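Open the model in your viewer and keep the sequence panel beside it. The stops below go from the whole chain to single side chains.

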Amino acid sequence: ALIGAWAVAMLAVVGAVAGWLRSVPEPPFRRLDLTFGEVAPEFNSDVAISPDGSVLAMSARVGNEQAIYVRNLDGDAAFRKLAGTEFGFNPSFSPDGKWIVFARRSDRALMKIAIAGGGAITLVPAGQTNPFAPQWGDNDTIIFTTPSSLHRVPAAGGAHTQVPGILSGAVSILPGSRAFLKSESGNLLLYDVVAETSTVILNGGRSPVY
């Protein structure tokens, strides 16, 4: 009976994940050889690709200045600095690819900026949460982590709230923003945003990325 119940539970989890993902079209395969020139990437985790695969963003350094740089892979010959992103790290694109959300290392604020240019906009002021690893869901909610917990804030701005039952750590939002993947205590979790429940879907998993 226990084995049967466990099997039913696992089938339910697999079915739920398949339900979230089945309507997403397969993206085209692309292979690119990039040269960085004078732009030196900071960390591998600080590289982001726009949802349509056309723009690359990364936290990088030119000389003594560290900021976020972007490059249109279909036309730009080199990376360009996004003015207003100085000390920025952990960039993540909006679902439409027109904005980037990032954490700012100098004062620990959460910011967003349009890749077309313009000033950066504060989402979470400095000194409130020490944010990092933000993810922009397609429901216009941004999830970000802190040293001790997980939070969410509207992409348009407003009060941020803690995600219940989840500890610190980067997440990977699934299409539809109804769930996200996360590693915690050495296991891979599927967190249901609506039900506010988490389920272990793989023992020993870590650093999931969708």
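**The whole chain**

Start with everything selected: of the 210 residues in the chain, 40% are buried. This is a predicted model, with a mean pLDDT of 84 for the chain and 84% of residues at 70 or more. Switch to a cartoon view, where one helix and 17 strands can be found. With a surface turned on, the accessible area of the chain is about 11300 Å², and carbon and sulfur atoms account for 56% of that.

**Residues 1–13**

Next, select residues 1–13, where pLDDT stays under 50. The model has three contacts beyond four places in sequence for this stretch.

**Salt bridges**

How many salt bridges does a search of the whole structure find? The search finds five.

Select Lys81 and Glu86, whose side chains form a salt bridge with an N to O distance of 2.7 Å. Lys81 is partly exposed at 29% relative accessible area, and Glu86 is partly exposed at 25%.

Move to Arg104 and Asp107, a salt bridge in which the closest N and O atoms lie 2.7 Å apart. Asp107 is partly exposed, with 27% relative accessibility.

End at Lys182 and Glu184, joined by a salt bridge of 3.2 Å, N to O. Are these two buried or exposed? Lys182 is buried, at 1% relative accessibility, and Glu184 is buried as well, at 16%.

Methods: Residues are numbered from 1 along each chain as its sequence is written. This is a predicted model: local features need pLDDT of at least 70, side-chain atom pairs count only at pLDDT 80 or more; totals for chains, interfaces and linings use all residues. Side-chain values use heavy atoms; hydrogens and water are left out. pLDDT is the predictor's confidence in each residue, from 0 to 100. Contact means heavy atoms within 4.5 Å. Helices (H or I, at least four residues) and strands (E, at least two) are DSSP runs, numbered from the N terminus. Buried means under 20% relative accessible area, exposed over 50%, partly exposed in between (1.4 Å probe, protein chains only). Accessible areas come from the Shrake-Rupley method with a 1.4 Å probe; for residues, only the protein chains shown count as cover. A salt bridge is a side-chain nitrogen of Lys or Arg within 4 Å of a carboxyl oxygen of Asp or Glu.
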